Amino acid sequence: GDSGGIDFGDAGDSGGIDFGDTIATSRPTEKGVASKYLSSRATLLEDSDTRNKVVDELLQLEGFLLQRVSELSQTLDITAINQFDGAPAEVVCTHDAVVDMARVVTDAREALTSAPMQRLILIASSTKYVTRLVASLEHQKSLSTSVHTKIDAVRAQRVAAHDTISELEPKCADIVRQTKHLQKEVELSISVLYDGRKVNIIGAINVI
């Protein structure tokens with residue numbers, strides 16, 4: 001009675017063949033993926049090799065787009081005009097569109113290589129740079145404090161000098177009046193000695 005047939009495991013018996021078509025997988029949550037992606041983006045430009053590669057790629061793309069702008073500007077260049085004949089509309093760009101793309105790439109390259117960006121990258125990646133920067137800022141702060149202190153001292157001196165001038169002005173005016181009175185008395189005394197002739201004392205006394 002045993003037919004000796006092959007059991008393909010399709011009879012629902014628990015002893016059937018396991019073809020391994022049921023795979024248990026564990027996928028990370030979308031939040032976890034986003035967090036890892038953002039972390040990678042945050043550290044991408046801190047690596048000098050990666051940053052240099054990005055700049056090189058931007059330079060190449062910028063050169064290509066500027067070359068394309070030049071070609072599209074030459075309306076008599078049949079090759080430049082016809083080289084995209086039959087191409088999908090998505091890859092055919094007008095002169096102005098290529099100019100805009102080149103400008104965007106140039107702006108990105110200049111922003112990436114600008115001095116402010118280099119300082120930000122150093123702040124994010126170099127503790128030594130941050131330490132030096134903090135020391136420099138603290139030094140500038142101390143200088144600023146010193147300057148403000150000196151300014152306050154000069155203002156105080158100016159106020160004191162103004163008070164002194166205000167105090168001396170009446171005394172100076174009184175001295176001038178006394179000097180003029182003495183000048184007149186001396187002139188009259190000398191006039192008597194010369195038979196009443198008019199005498200005028202000249203010199204710096206007349207300018208006070």
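This report describes the helices of a predicted model, their packing, and a few individual residues.

## Basis of the model

In this predicted model, local features need pLDDT of at least 70 and side-chain atom pairs count only at pLDDT 80 or more, whereas totals for chains, interfaces and linings use all residues. Residues are numbered from 1 along each chain as its sequence is written, and side-chain values use heavy atoms, with hydrogens and water left out.

## Overall architecture

The protein has six helices and zero strands, so that its elements run α-α-α-α-α-α from the N terminus on; helices (H or I, at least four residues) and strands (E, at least two) are DSSP runs, numbered from the N terminus. Of the 208 residues in the protein, 10% are buried, where buried means under 20% relative accessible area, exposed means over 50% and partly exposed lies in between, with a 1.4 Å probe and protein chains only. Among the contacts (heavy atoms within 4.5 Å) with a separation of 6 or more, 49% are between residues 24 or more positions apart.

## Helices α2 and α4

Helix α4 (residues 95-113) packs with α2 at an angle of about 155°, and the two axes are 9 Å apart; axes are lines fitted to C-alpha atoms, for helices over the stretch in contact, and angles run from 0 to 180 degrees between N-to-C directions. The pair α2 and α4 is therefore roughly antiparallel, given that angles under 35 degrees count as roughly parallel, over 145 as roughly antiparallel, 65 to 115 as roughly perpendicular and the rest as oblique. The residues of the contact of α2 with α4 comprise 16 nonpolar, four polar and four charged, with Ala, Val, Leu, Ile, Met, Phe, Trp, Tyr, Cys and Pro counted as nonpolar, Asp, Glu, Lys and Arg as charged, and the others, Gly among them, as polar.

## Helix α5 and its neighbours

The axes of α4 and α5 come within 5 Å and cross at roughly 50°, and α4 and α5 are therefore oblique to each other. In this contact, A111, L112 and T113 of α4 meet A115, M117 and Q118 of α5, and by class the contact of α4 with α5 has four nonpolar, two polar and no charged residues.

Helix α5 (residues 115-125) also packs with helix α6 (residues 127-193), at an angle of about 110° and with axes 6 Å apart, which makes α5 roughly perpendicular to α6. Here R119, L122, I123 and S125 in α5 meet T127, Y129, V130 and L133 in α6, and the residues of the contact of α5 with α6 comprise five nonpolar, two polar and one charged.

## Two individual residues

R51, found in helix α2 (residues 48-73), counts as buried because its relative accessibility is 13%. Not counting residues up to four places away in sequence, R51 touches L45, E46, L112, Q118 and I121.

D195 is found in the segment after α6 and has a positive phi of about 60° although it is not a glycine. At 76% relative accessibility, D195 counts as exposed.
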